[in-house]
Amino acid sequence: MNCVNIEILKLNDKELINLSKKNTLSLNLKEMKAVKSYFKKLKRDPTDVEIETIAQTWSEHCKHKTLTGVINYSGADSKGKKVNITYKNLLKETIFKATAELNKKWCLSVFKDNAGVIEFDKLNGIAFKVETHNHPSALEPYGGAATGVGGVIRDILGVGLGAKPLANTDVFCFGNPDTPAKKVPDGMHHPKRIAKGVVAGVRDYGNRMGIPTVNGGVHFDDGYMANPLIYCGTMGIMPKSAIEKKVKSGDFVVVAGGRTGRDGIHGATFSSAELDKESDVSAVQIGNPIVEKKVLDTMLKARDLKLYRAVTDCGAGGLSSACGELGESTGVRIELEKVPLKYQGLAPWEIWISEAQERMVFAVPPKNVKKLLNLFDCENVEATVIGRFTNDKKLTLAYNGKTVGQLDMDFLHKGVPKTAAFARYAPLKETLRKPVKFNGTRIRESLKKVLADSAVCSKEQIIRQYDHEVQGQTIVKPLQGCAINIWGPGDAAVIWPYAVIKNTKKGIVLSNGINHQYGKADTYKMTASAIEEALRNAVAVGANPDRISVLDNFCWGNPEKPEVLGSLVRAAQACYDMSKKFGVPFISGKDSLYNEYTIRGKTFSIPPALLISAMGVIDNVENTMTMNFKRAGNLIMLLGITRNELGQSVFNRINKISGGIAPNVYPEESLKIMRGIYKAANAGLIEACHDISEGGLAAAVSEMAFAGSLGAIVKLGAVLTKENMTDAEILFSESNGRFIIEVKPDNAKKIKDIFKGSAISIAGVVTGDCKVEFGSDKVYISEKTGVLRSAWQNALNLF
Amino acid sequence: MEYEIEILPKKGFTDLHGARVLSDIMQAGIKDVKKTGYSPVYAIDGITKAEADLIGWEILSDKITETFFITESSTTAKDRGCKELSSGGEKVHAIEVWFKKGVTDTVSESVVKAIKDLGITKEVKVKTGHIYYIYGAVGKQVLEKIATTVLANTLIQDYKINELR
């Protein structure tokens, strides 16, 4: 098996594009011409290995060409005013810019490595990364999701010199699980089958790795029927001394872990292509967590023995991306025949770009090679020297002594032509609709339906499949409650890493925010709300709002369509604005574009979705909070202003009410309240805390009551509103910036002092009679918590 | 010689996976099936019958809750383990699902290693598969639908439908 030359120099434009399509290179004409021009200077055609290497390195997945390219945007700015802006590099001018301007000293490594790292304490950093694995999971839900988890764990192993994974997170968007089978497009899996496979994949990989899955969310929309969104995240801890890596010329290249097969060939370029019925079998990857667990344990030993100088994971693009990245500043020579194979018969280019799982690549100083190989061997992990870093700034690939490819690192990493695209966007014109005047009975029925809606209902049947306790450090768990009745939906998870950092009192909080529904009105609002929701969730368990960092994960449709790209630009604008106003830096991120699929010539695009994942530090884990009511007689206090914001709400959807205003974000109001909560929590003044999001005040109070096996009385007249609102609007508005806290009557004054200048009211009292009651001068609603809990717990029918 | 070792629940023990498959079939809108059963199956090439017995007993089955059934791969597919379990004269089909060639089979990698650990050091090849028993009078079209929408992902797996009785 050897390489072949690919004729390119003689090809015209049409033939160049045909070549790109035929070989699944996903390169456009401009890029193909750049490749042709490079080889023209070399006076030769490229080999298959070379052209595949370029395609992998220049893929949307690896280079983020759209977000770093030139974009001419015409549409609304952050204040809704119509503007024309040219972005030379959207990421640099929005998300990166905010982080640079905030210049937080506790941000230790941002946007340059496999994950973002912030300071945990004087000696240690914590790393967080979230990835998507949408296309593979649409084709093979179990394998796709499992390798999504495996891949993001390797990102944490590959940040700096490697971090120890402490927790996983997962967020999914699926099609409606109750879709009739005949409505599912030909050749696609039913959403329920996808959901089951994905959950099983995440469960099996995470559980077998011994990493707890502690935080996540599940969302449903018909728009995700054939293109689900699978976000997998991992957080890890590392000594600060292990954050930097530097390859030196002369270091050996060692690959350790799984063997290489045909798995996932063209995974990186495939993620830049639309899904169709004929998608390629070889794009499917299958994971083996037992191998990865052995790699994890051994490489952390090697890290502490300082046996290697740099490490990265084999992700999209396989060895091609991993070796290419590590050798970017030096040059590297790889002998492909030395790569251990699962079976014979792979062509050199297949060995080079295979995305076989569970592989890490190390840069090892010559004096340590023997020690490192011995260490891996002792732990039953296969590790092999496959090449050496050079000083010629070239990527050289050899197979059985013959050079099969040689590319300049500069061309490979910087030669990709900038894309230029047009973007336009006009948010939905929102108008306040007629007041919603529901009587008590209709409000009660709406409450049960809201609690049973897939956006709000219990996801316990999924959460219980994950081990969220392994490692014994999860102190605020995904399900909360009292005694043996643990079913309440926690806002965020807290990890207390006492087994790694002796005598520490500090904790790490992980939370997320996502609501694709608001994007149907305006992706600016959707983004701002997601950022605020992630922060609210973190603060609700005790995070310090001034020590939270966030990650962005964009899942969008085809950016070649100006409206789709426009909605993305608008979201990026919101990222900048909110990051600055909340003082919360972005530390890492990822985009998954081209989430479209074609069936019988008709193209379907997903509703845009932005997942914001937050990681924060808590100074004292003793001061964390949970959401279940604790004791009858305590006061229910409401923080934040309720506005008439029911546009795109769960309440509107279930009652088929159109129009309305989707929630806005008011950072100054919210941040003040969040700081107050942190102060009050540390003074021991808050018994329970829950943020208000989908389903509004009514859903949040009900959840706190049935999670605590208690009841509540809430006076709607005491709720602070911005305008005149009906009882139903007050109960189900999804305004941002609001929390419910439970406070002992004796502490009410101290709480009021802390929140002086913010919107705060005593809205009710916790009761012992297991009923949730809402009342005003017009309506009175009462329902048993058991009935509400039953509606909430029994709605999702996935398994 | 290649042997197929099929793992079955012992009489009196619930076939949980089989019951779950029935629930999946019902949820897919197929109402004709009344009962289902499930067996994992391992095709092992390069062993003797005695070694197959040892592997079935020591590695692949749980001694308390499961039993195993060995066939030569070359024998007719009608000779499956469910015969030991089923009673009465109802119709039974077996839908077998196997990975396509080239797809990574991580369970088989573990089985190969376990066989070596058991002291059988010669070269063996292992493939893993699944057998689903569908009881009752179910038409060919419905069986095809069950195979493609519930049991096998045809992108990475092949399936075959055999009428056992």
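What follows is a short chat about a predicted model with chains A and B.

Biologist: Let's start with helix α10 of chain A: what span does it reach from its first C-alpha to its last?
Modeller: Helix α10 covers residues 191–209 of chain A, which is 19 residues. At 1.5 Å a residue you'd expect 27 Å, and the model comes out close to that. The span it reaches is 27 Å.

Biologist: And how many of the residues of α10(A) are buried?
Modeller: Buried here means under 20% relative accessible area. By that cut-off α10(A) is mostly covered, and the count is 16 of its 19 residues.

Biologist: Which residue follows α10(A), and what's its phi?
Modeller: The helix gives way to a glycine, A:Gly210. Its phi is positive, near 70°.

Biologist: On to the six-stranded open sheet of chain A: which strands stand at the edges, and why is one side of each left without a neighbour?
Modeller: The order is β18-β21-β22-β27-β23-β24, with mixed pairing. Each edge strand has a single partner, so one side of it has no neighbour in the sheet; those strands are β18 (474–476) and β24 (586–592) of chain A. From one strand to the next, the twist averages 20°.

Biologist: Within that sheet, which residue in β22(A) stands opposite A:Ile495?
Modeller: Strands β21 (493–495) and β22 (507–513) of chain A pair in the antiparallel sense over three bridges. Opposite A:Ile495, β22(A) places A:Ile508.

Biologist: At what angle to β22(A) does helix α19 run?
Modeller: Helix α19 takes in residues 523–540 of chain A and lies across β22, β23, β24 and β27. Relative to β22(A), its angle is about 150°.

Biologist: Why is strand β8 of chain A largely enclosed, and which strands pair with β8(A)?
Modeller: Ten of the eleven residues of β8 (229–239) are buried, so the rest of the structure largely encloses it. Strand β5 (124–132) pairs with β8(A) in the antiparallel sense over nine bridges, with A:Asn124 opposite A:Pro239.

Biologist: Last one: which side chains make the salt bridge between chain A and chain B?
Modeller: The contact takes 22 residues from chain A and 17 from chain B. About 1,400 Å² is buried between the chains, 47% of it on carbon and sulfur atoms. The count of salt bridges there is one. At 2.2 Å, N to O, the side chains that meet are B:Asp24 and A:Lys196.

Terms used: Residues numbered from 1 in each chain as written. Chains lettered and ligands numbered in written order. Predicted model: local features only at pLDDT ≥ 70, side-chain atom pairs only at ≥ 80, totals over all residues. Heavy atoms only, no water. Helix = DSSP H or I, 4+ residues; strand = E, 2+ residues; numbered from the N terminus. Expected span 1.5 Å × (residues − 1). Buried < 20%, exposed > 50% of the residue type's maximum accessible area, 1.4 Å probe, protein only. Pairing = 2+ DSSP bridges. Axes fitted to C-alpha atoms, helices over the stretch in contact; angles between N-to-C directions. Contact = heavy atoms within 4.5 Å. Buried area = accessible area lost by both parts, 1.4 Å probe. Salt bridge = Lys/Arg side-chain N within 4 Å of Asp/Glu carboxyl O.
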